Amino acid sequence: MASLPRTLELFYDVLSPYSWLGFEILCRYQNIWNVRLQLRPTLIAGIMKDSGNKPPALLPRKAKYLIGDLKLLGQHMQIPIQFPKDFFSVILDKGSLSAMRFLTAVNLEHPEMLEKVSRELWMRVWSRDEDITEPQSILAAAEKAGMSTEQARGLLEKIVTPQVKNQLKETTDTACKYGAFGLPITVAHLDGQTHMFFGSDRMELLAHLLGEKWMGPVPPAVTARL
């Protein structure tokens, strides 16, 4: 008798490029490993505030390192990451509150669309240097992901509701309780225990914990090019 799939929770924010890397890897492996992947839209600003952490780009040497690091990682993982021209404005001024509330609404009402809409928001901000804060930008991402205009507008109207606001806060609080100090985090539920992995570069260790085979960020069974 086949064993039941183990649950993996991915807590992420589309403002985080490393979240995108972890997201794509787990999406590629979700039908290869014996796992059930649950996507958890989370607010990275809330994680930073709760943990006392600061965005790594605020340290000039780290910021310089990140540019080259993400470029190589994007090539290696076949994910088309490009730094926004006005990087600090995107990260520090504009943020991702509306986008993450929208993804929370998607998860509540159309969870089958969450993967595609999340990816389109990442593509906007981290590949094409496009806005993700204005209503029309969020609608464009949702429609490109395959949502009808009516569906997308209905969800956009709900981002100001207590239900959506509270759900995003609850998810962020849950990530903090797991020990998050940044994003992404992957939480594996295994034999009654939880194991938290920070970042996008612990997937080989996750595979070891699960007893699954790690075949690199682009497993042979997957056509990964986005």
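This is a predicted model: local features need pLDDT of at least 70, side-chain atom pairs count only at pLDDT 80 or more; totals for chains, interfaces and linings use all residues.
Colleague: How are two packed helices described?

Modeller: By the angle between their axes and the distance between the axes. Here, take helix H6 (residues 114-126) and helix H7 (residues 135-144). Their axes come within 8 Å and cross at roughly 125 degrees.

Colleague: In which hand does H6 pass H7?

Modeller: The crossing is right-handed. H6 contributes Val 117, Glu 120, Leu 121 and Arg 124 to the contact. From H7 come Ser 137, Ala 140, Ala 141, Ala 142 and Lys 144. These contact residues divide into five nonpolar, one polar and three charged.

Colleague: Now the sheet. What is the strand order?

Modeller: E2-E1-E3-E4, in an open sheet of four strands with mixed pairing. Strands E2 (35-41) and E4 (193-198) each have a single partner strand, so one side of each lacks a neighbour in the sheet. On average, neighbouring strands are turned by 20 degrees against each other, direction ignored.

Colleague: How many bridges join E1 to E3?

Modeller: Five, between E1 (residues 6-12) and E3 (residues 185-190). The two strands run antiparallel. Within this pair, Leu 8 stands opposite Ala 188 in E3.

Colleague: Which strands does helix H10 touch?

Modeller: H10 (residues 203-210) packs on the sheet and touches E1, E2, E3 and E4. The direction of H10 makes about 5 degrees with that of E3.

How values were computed:
Residues are numbered from 1 along each chain as its sequence is written. Side-chain values use heavy atoms; hydrogens and water are left out. Axes are lines fitted to C-alpha atoms, for helices over the stretch in contact, and angles run from 0 to 180 degrees between N-to-C directions. A crossing is left-handed if the near helix is turned anticlockwise from the far one by less than a right angle, and right-handed if clockwise. Contact means heavy atoms within 4.5 Å. Ala, Val, Leu, Ile, Met, Phe, Trp, Tyr, Cys and Pro count as nonpolar, Asp, Glu, Lys and Arg as charged, and the others, Gly among them, as polar. Two strands pair if DSSP finds at least two bridges between them.
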